Amino acid sequence: MTFTIIFKNQDKVSSGTQYLSHVFIANEAVKAGFYPRDLFVLLAKNRLTADWQAKNQTHSRKYHCYFYVFEKDGRKVRYT
C-alpha cells in the first residue's frame, strides 16, 4: 500500500530569525520513511507590504510557497 501526502508550507522570518521550514519538513519526512516524490514552488500573485516593514527589512521577502509530494510504500529509501 502506498501513502501519498501533499504538504504546503512557507518559510518565514519572525523577530529577526529566519525559519526555513521547508528544509525541516523534508528532513522529518525522510526520517519517517517518506520519499520526496516532487516539489513545486509557487509564486505569489499579490505582494502586500506594510510601511513599517519596508523600513525595518533585514531579510528578503518571501513571495513563494512550497508544495511537497511525499510517498511511503514500505520500501527503505537510501540516500548516499
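Me: Among contacts between residues at least 6 apart in sequence, what share joins residues at least 24 apart?
Reply: In this predicted model, 76% of those contacts in the protein chain join residues at least 24 apart.

Me: OK, and what's the secondary structure made of?
Reply: The protein chain has two helices and five strands. Along the sequence they come in the pattern β-β-β-α-β-α-β.

Me: How much of the chain is buried?
Reply: Buried residues account for 15% of the 80 residues.

Me: Switching to His22. Where does it sit?
Reply: His22 is in helix H1, which covers residues 21-31.

Me: Is His22 buried or exposed?
Reply: Buried, because its relative accessibility is 16% and the cut-off for buried is under 20%.

Me: Which residues does it touch, leaving aside neighbours within four places in sequence?
Reply: His22 is in contact with Asn9, Asp11, Tyr66 and Tyr68.

Me: What does the His22 side chain do with Asp11?
Reply: The two side chains make a polar contact, at 2.9 Å.

Me: And how far is His22 from Phe7?
Reply: C-alpha to C-alpha, His22 and Phe7 are 9.8 Å apart in space. In sequence, 15 residues separate the pair.

Me: New topic: the surface. Which residues form a nonpolar patch there?
Reply: Leu39, Val41 and Leu43 form one, and together they have about 290 Å² of accessible area.

Me: Let's take Leu43 from that patch. Which strand is it in?
Reply: Leu43 lies in strand S4, residues 35-43.

Me: Why does Leu43 count as exposed?
Reply: Leu43 counts as exposed because its relative accessibility is 65%, and exposed means over 50%.

Me: Remind me of the two values, His22 and Leu43?
Reply: His22 is at 16% relative accessibility and buried, whereas Leu43 is at 65% and exposed.

How values were computed
Residues are numbered from 1 along each chain as its sequence is written. This is a predicted model: local features need pLDDT of at least 70, side-chain atom pairs count only at pLDDT 80 or more; totals for chains, interfaces and linings use all residues. Side-chain values use heavy atoms; hydrogens and water are left out. Helices (H or I, at least four residues) and strands (E, at least two) are DSSP runs, numbered from the N terminus. Buried means under 20% relative accessible area, exposed over 50%, partly exposed in between (1.4 Å probe, protein chains only). Contact means heavy atoms within 4.5 Å. A polar contact is a pair of N or O atoms within 3.5 Å; within protein, one must be able to donate a hydrogen and the other to accept it, and residues adjacent in sequence count only if both atoms are side-chain atoms. Patches are made of residues with over 30% relative accessible area and no salt bridge: like charges are joined within 9 Å, nonpolar side chains (Val, Leu, Ile, Met, Phe, Trp, Tyr) within 5 Å. Accessible areas come from the Shrake-Rupley method with a 1.4 Å probe; for residues, only the protein chains shown count as cover. A salt bridge is a side-chain nitrogen of Lys or Arg within 4 Å of a carboxyl oxygen of Asp or Glu.
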